[in-house]
Amino acid sequence: CIINDSYFLKSMPKEKLEQKEKEREVLNKLNQNNIPVQVCEGNKTVVDGDKIYQLFKFVKGNSGTINYEKNSAIFLAQELSKLSKLPRDAKKESVQDVLEELKDELEEKIPEEYRNDLSITYNYLNKNLFPYLKYFDYKISHGDLHPGNILWKDDKVASIIDWQLFGLREELYDLAFLLGCIGIEEPDNFDSKWVNELIENFVEHAKPSKLAFSLLPELMIAT
């Protein structure tokens with residue numbers, strides 16, 4: 001709930017205490033590395049009965065869609081590339097392992113007419129991406145970098161929010177995830193100068209391997 005224009009208070013069940021304490025530590029680490037995040041005020045979680053509370057400064061910004069201002073692609077690329085330089089002390093997760101776990105579950109839940117498409121896509125990735133993942137470097141990753149998790153102020157990134165899925169994943173994972181979201185939610189902007197600038201500037205600063213960059217389209221499908 002929002003207290004005023006300066007602060008907002010998060011209230012959660014006590015069962016989430018361990019998870020939220022880990023997130024608090026992650027946010028502190030990101031903040032120390034000049035990544036725009038919202039850190040918990042007082043650096044603590046308050047327990048009261050069956051609830052826990054965290055106080056945050058209210059960051060004013062626009063979210064829910066990408067800001068296609070002139071320099072926003074450059075600023076976003078610079079912020080994302082900082083993650084690639086962080087110490088790799090997080091839980092490792094492979095996109096292949098995740099998809100293998102989800103495959104059977106999805107086959108049961110999706111309508112029958114789409115199951116063949118799922119099989120074709122999985123077989124394509126199994127042939128054209130999975131065999132090469134062992135050669136990828138692993139980097140710190142947000143894990144859920146859709147447009148709604150990026151707050152903008154003018155053409156700069158005010159804050160990147162919702163780090164619950166923070167972990168160690170294949171290089172370019174976050175970029176691939178974001179590009180995939182743009183392709184689905186805003187297809188008219190996918191083949192744009194802004195997207196090209198984002199990719200070019202991210203590659204310049206993060207310096208991914210040539211192999212990973214060559215397989216960016218496949219990684220987009222996988223994420």
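**Exercise 1. Work out which residue stands opposite Phe-8, and how the sheet around that pair is built.**

Step 1: Phe-8 faces Phe-56 in E3; strands here are DSSP runs (E, at least two residues; helices are H or I, at least four), numbered from the N terminus. Before going on, note that this is a predicted model, where local features need pLDDT of at least 70 and side-chain atom pairs count only at pLDDT 80 or more, while totals for chains, interfaces and linings use all residues. Residues are numbered from 1 along each chain as its sequence is written, and side-chain values use heavy atoms, with hydrogens and water left out.

Step 2: E1 and strand E3 (residues 51-57) run antiparallel and are joined by 7 bridges; two strands pair if DSSP finds at least two bridges between them.

Step 3: Now the whole sheet: it is open, has 3 strands in the order E1-E3-E2, and its pairing is antiparallel. Strand E1 (7-13) and strand E2 (46-48) are the edges, each pairing on one side only. From one strand to the next, the twist averages 30°.

**Exercise 2. Describe the hairpin of E5 and E6.**

Step 1: Strand E5 (residues 150-153) pairs with strand E6 (residues 156-160) over 4 bridges, in the antiparallel sense.

Step 2: Look at the turn. There are 2 residues between the strands, and Asp-154 takes a positive phi near 60°.

**Exercise 3. Characterise how H2 and H6 pack.**

Step 1: Get the geometry. The axes of helix H2 (residues 72-83) and helix H6 (residues 193-206) come within 8 Å and cross at roughly 35°.

Step 2: List contacts. Among the residues that meet are Ile-74, Leu-76 and Leu-80 in H2, and Trp-194, Leu-198 and Phe-202 in H6.

**Exercise 4. Check the span of helix H5 (residues 173-185).**

Step 1: The expected span is 1.5 Å times one less than the number of residues.

Step 2: For its 13 residues H5 should therefore span 18 Å, and the end C-alpha atoms are 18 Å apart, which agrees.

Key: Axes are lines fitted to C-alpha atoms, for helices over the stretch in contact, and angles run from 0 to 180 degrees between N-to-C directions. Contact means heavy atoms within 4.5 Å.
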